[in-house]
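Please consult the sequence and coordinates alongside the text.

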Amino acid sequence: MREVIINGAELTDRREMHAQFFNLLEFPDYYGRNLDALFDCLTEMATDTTLTVNNAAVMREYLGEYTDRLKRVLDIAESYNEHFTLIWNE
């Protein structure tokens with residue numbers, strides 16, 4: 001099983017957020033760096049993966065409502081893919 005930890009306090013803009021997801025979750029090069037592409041990659045994962053997002057409240061200070069949209073995408077992806085588990089820490 002793969003465990004990935006993202007520190008929301010380090011995600012100061014959308015580009016950095018998607019770069020972290022791309023690198024840490026080892027997404028394919030065709031990852032489109034948007035929420036639709038994130039959902040697609042998360043639901044296609046076949047390796048058991050736990051993603052922990054820490055300091056989400058700090059991330060919200062930088063990204064605003066985009067953080068809520070991100071959380072919604074992660075929650076839905078978790079419900080679609082039995083190999084993906086989300087831990088969200090404010």
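## Loop residues with positive phi

Glu26 sits in the loop that links H1 and H2; helices (H or I, at least four residues) and strands (E, at least two) are DSSP runs, numbered from the N terminus. Although Glu26 is not a glycine, its phi is positive, at about 55°. With a relative accessibility of 61%, Glu26 counts as exposed, where exposed means over 50% relative accessible area, buried under 20%, and partly exposed in between (1.4 Å probe, protein chains only).

A positive phi, near 60°, also occurs at Asn55, a residue other than glycine. Asn55 belongs to the loop between S2 and H3, and its relative accessible area of 33% makes Asn55 partly exposed.

## Basis of the model

The model is predicted: local features require pLDDT of at least 70, side-chain atom pairs count only at pLDDT 80 or more, and totals for chains, interfaces and linings use all residues. Residues are numbered from 1 along each chain as its sequence is written, and side-chain values use heavy atoms, with hydrogens and water left out.

## Overall architecture

The protein contains 4 helices and 3 strands, arranged from the N terminus in the order β-α-α-β-α-α-β. Its radius of gyration is 12 Å, close to the 12 Å that the globule rule gives for 90 residues, so the protein is as compact as a globular protein of that length. The radius is taken over C-alpha atoms, and the rule is 2.2 Å times the number of residues to the power 0.38. The C-alpha trace spans about 35 × 25 × 20 Å along its principal axes.

Among contacts in the protein with a separation of 6 or more, 64% involve residues 24 or more positions apart; contact means heavy atoms within 4.5 Å.

## Nonpolar core

Of the 90 residues, 41% count as buried. The largest nonpolar core has 28 residues, of which Phe21, Phe27, Leu38, Leu42, Leu51, Leu70 and Leu74 touch the most other members. Such a core is a set of buried Ala, Val, Leu, Ile, Met, Phe, Trp, Tyr and Cys residues joined through side-chain atoms within 4.5 Å. Two or more residues each are contributed by strands S1 (2-7), S2 (49-54) and S3 (84-88), and by helices H1 (14-24), H2 (35-44), H3 (56-63) and H4 (65-80).

Which residues does Leu74 contact, leaving aside its neighbours within four places in sequence? They are Phe21, Leu38, Leu42, Leu51, Val53, Phe84, Leu86 and Trp88.

## Surface and charge

Arg15, in helix H1, is exposed at 72% relative accessible area. Its C-alpha atom is 18 Å from that of Ala57, 42 residues away in sequence.

## Surroundings of Asn54

Asn54 is part of strand S2 and is partly exposed, with a relative accessible area of 24%. Beyond its neighbours within four places in sequence, Asn54 is in contact with Ile5, Ile6, Asn7, Gly8, Ala9 and Asn89.
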